[in-house]
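Me: I have a structure open and want to go through it piece by piece. Can we start with whatever surrounds the ligand?

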Amino acid sequence: MSSKFKNKPCLACNILPICGGGCKQLAIENEGVDYCVYDFGESRKKQVVLDGFLKVMEEYEVGSDTAHLPTSPLA
Ligand code: SF4
């Protein structure tokens, strides 16, 4: 578990609580090397946040008709 929290980019990443830094295997394979499961792509990270938000909206049926919600500027 500790190997996951040695990756410096993760420790400074805004979406660490959502992403978790990827799987433990990836952390072990990249020990000592900076890595990101999203290849350090800020737009990919924002998409993860947006997807998570929309999923929660759907789960609460607030977003059952999501046509009124703005589409991703990243799409
Ligand atoms: S998005 Fe990349 S940098 Fe951020 S926590 Fe996940 S693996 Fe780490």
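Around the ligand

Reply: Helix H1 (8-11) and helix H2 (16-19) each supply at least two residues of the shell around the ligand. Helices (H or I, at least four residues) and strands (E, at least two) are DSSP runs, numbered from the N terminus. This is a predicted model: local features need pLDDT of at least 70, side-chain atom pairs count only at pLDDT 80 or more, and totals for chains, interfaces and linings use all residues. Residues are numbered from 1 along each chain as its sequence is written.

Me: Which residues is the ligand surrounded by?

Reply: The ligand is surrounded by Pro9, Cys10, Cys13, Ile15, Leu16, Cys19, Gly21, Gly22, Cys36, Val37, Tyr38 and Lys45. A residue is near a molecule or strand if its C-beta atom, placed from the backbone, lies within 6 Å of it.

Me: And what does the shell have by class?

Reply: The shell has nine nonpolar, two polar and one charged residues. Ala, Val, Leu, Ile, Met, Phe, Trp, Tyr, Cys and Pro count as nonpolar, Asp, Glu, Lys and Arg as charged, and the others, Gly among them, as polar.

Me: Take Cys19. Where does cysteine 19 lie?

Reply: Cysteine 19 lies in helix H2. It is partly exposed, with 16 other C-beta atoms within 10 Å. A residue is buried if 20 or more other C-beta atoms lie within 10 Å of its own, exposed if 12 or fewer, and partly exposed in between, with C-beta atoms placed from the backbone.

Me: What does cysteine 19 touch?

Reply: Leaving out residues up to four places away in sequence, cysteine 19 touches Val37 and Val48. Two residues are in contact if their C-beta atoms, placed from the backbone, lie within 7 Å. Cysteine 19 and valine 49 are 30 residues apart in sequence, with 9.4 Å between them in space, C-alpha to C-alpha.

Me: Now H1. Is leucine 11 buried or exposed?

Reply: Leucine 11, which is found in helix H1, counts as exposed, with 10 C-beta neighbours inside 10 Å. From leucine 11 to glycine 21 is 10 residues in sequence and 8.9 Å in space, C-alpha to C-alpha.

Me: Changing topic: how many helices and strands are in the protein?

Reply: There are four helices and zero strands, and the pattern along the sequence is α-α-α-α. Of the 75 residues, 5% count as buried.

Me: What about H4, how far does it reach?

Reply: Helix H4 (residues 42-59) has 18 residues and reaches 26 Å from its first C-alpha to its last, close to the 26 Å expected at 1.5 Å a residue. The expected span is 1.5 Å times one less than the number of residues.

Me: Why does H4 lie largely in the open?

Reply: Because, of its 18 residues, the number buried is zero.

Me: Which residues are in the loop between H3 and H4?

Reply: Aspartate 39 is one of them, and phenylalanine 40 also lies in the loop between helix H3 (24-29) and H4. Aspartate 39 counts as exposed, with 7 C-beta neighbours inside 10 Å. Phenylalanine 40 counts as exposed with 12.

Me: What is phi for phenylalanine 40?

Reply: Phi of phenylalanine 40 is near 60 degrees, a positive value. Most residues other than glycine have a negative phi.
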